[in-house]
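Please keep the sequence and the 3D view open while reading.

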Amino acid sequence: MEVDVSKKLLIAAATRFERYSDFGSVLTGKLAARYSLLDNLNLRGSVSNGFRAPSLHELYYAQTSTGFTPAGVAFDVGFYTNGSTAAKALGIPKLTQENSQNASLGIAFQPLSGFEITADAYVFTVKNKVILTGNFEGDAVGGQFKKVVGGGAAQFFTNGADVKSKGLDLVMNYTKIIGSKKYIATFAGNWNDVAFVAVHPAKLNLGTDGTLTEAQIQDLYLSRAVRASYEEGNPKQKYIASLTVLDKKWSAMARAVYYGSVTSRSAYDDGKGNYYDYDLTARTTIDVSLGYEFLKGMKLSVGGDNIFDVYPTRILPDLADNNRFGYENYQMGFQGANYYARLSFKF
């Protein structure tokens with residue numbers, strides 16, 4: 001439902017009811033409003049709630065493999081489903097949906113003809129976030145779980161924590177026509193902060209021969225590596241600037257993407273409390289493209305993404321597993337430069 005309460009105020013509301021055979025009933029809704037402060041300045045905001053059901057791989061993915069510590073010590077580790085014998089032996093509950101509460105407040109401003117600015121601040125909390133636990137080792141847990149996994153370790157997806165995100169999105173677009181050419185300049189920026197606000201470990205079935213403490217269970221449910229992948233593993237700043245030029249038959253585009261620095265934190269240490277952590281410094285990539293419409297509706301485009309072949313900071317040698325791993329994928333891609341030619345036809 002959408003209503004113009006007055007010439008300046010617009011209010012919109014929506015609701016949705018769904019029932020799932022696996023997760024039961026879910027009721028979601030959204031309330032939004034826009035107020036025209038000036039002819040070229042609008043204030044807007046919204047509040048809503050939402051949900052996300054566990055994905056197929058979170059529900060059904062399973063595998064066992066051999067891993068190696070930084071010291072080169074081999075260990076068996078498995079990804080087990082929440083309905084597996086190992087999960088039941090440890091006391092890991094079945095997965096349920098994530099729930100979220102969201103709010104945003106922003107402006108839309110057109111100070112000049114062809115120049116548009118939007119800025120939106122947001123905050124949202126995801127409850128019962130599906131995360132991957134650390135390695136539960138058979139010897140440390142003991143009891144029936146040790147009988148199932150032996151001397152190896154097991155990981156599970158679980159609704160283990162609540163996470164809160166807040167940030168600001170800024171987008172500026174400027175369009176100018178000079179002669180037969182149209183110029184479009186765009187800048188987009190994002191500043192964000194992510195933090196876990198609660199951890200929900202299940203009551204586990206620990207054997208009397210186990211050695212896990214409550215603090216260690218908390219760390220396994222939300223390990224320092226998983227926590228850091230959310231809180232520090234994604235850039236807190238990202239900027240995109242582009243310039244596009246359009247002519248009757250020609251088009252050209254140049255784009256720069258800046259990725260802020262991130263930190264990778266390891267679950268392993270050297271036995272003396274020194275973890276294998278390292279920083280990935282900020283990076284900037286450049287994309288370009290050139291297009292020509294040589295027949296009506298038929299266009300040939302050539303270009304490249306990350307044309308200067310920029311890579312993120314290399315992983316620490318102790319974590320490379322004999323050079324099997326070269327880069328983390330938190331900050332940006334690690335495929336290097338990519339070039340293409342594209343032929344398109346518009347009916």
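Contact here means heavy atoms within 4.5 Å. Helices (H or I, at least four residues) and strands (E, at least two) are DSSP runs, numbered from the N terminus. This is a predicted model: local features need pLDDT of at least 70, side-chain atom pairs count only at pLDDT 80 or more, and totals for chains, interfaces and linings use all residues. Residues are numbered from 1 along each chain as its sequence is written, and side-chain values use heavy atoms, with hydrogens and water left out.

**Helix 6**

Helix 6 spans residues 224-231. Its buried residues (under 20% relative accessible area; exposed is over 50%, partly exposed in between; 1.4 Å probe, protein chains only) are Ala225, Val226, Ala228, Ser229 and Glu231. They pack against strand 8 (115-132), strand 12 (181-199) and strand 15 (262-264).

**Nonpolar cores**

A nonpolar core is a set of buried Ala, Val, Leu, Ile, Met, Phe, Trp, Tyr and Cys residues joined through side-chain atoms within 4.5 Å. The largest has 17 residues. Among those touching the most other members are Leu90, Phe136, Phe156 and Leu212. Helix 2 (85-90), helix 3 (138-141), helix 4 (143-149) and helix 5 (214-221) each give two or more residues. Helix 2 gives the largest share, 4 residues. Another core, of 8 residues, lies apart from it and includes Ile131, Val163, Val194 and Phe196.

What does Leu212 contact, leaving aside neighbours within four places in sequence? Its partners are Phe136, Ala140, Val141, Leu206, Ile217 and Leu220.

**Aromatic pairs**

Rings of Phe, Tyr and Trp (its six-membered ring) pair if their centres lie within 6.5 Å; planes under 30 degrees apart count as stacked, over 60 as edge-to-face and the rest as tilted. The count comes to 15 aromatic pairs. Two of them are tabulated.

| Pair | Centre to centre | Plane angle | Class |
|---|---|---|---|
| Tyr80 and Phe156 | 6.1 Å | 35° | tilted |
| Phe196 and Tyr230 | 5.3 Å | 85° | edge-to-face |

Tyr80 and Phe156 sit in loops, so their pair ties together parts that are 76 residues apart in sequence. Tyr80 is partly exposed at 23% relative accessibility. Phe156 is buried, at 0%. Phe196 lies in strand 12 and Tyr230 in helix 6, so this pair links parts 34 residues apart in sequence. Phe196 is buried at 9%, and Tyr230 is partly exposed at 27%. Tyr80, Phe136, Phe156 and Tyr221 form one aromatic cluster.
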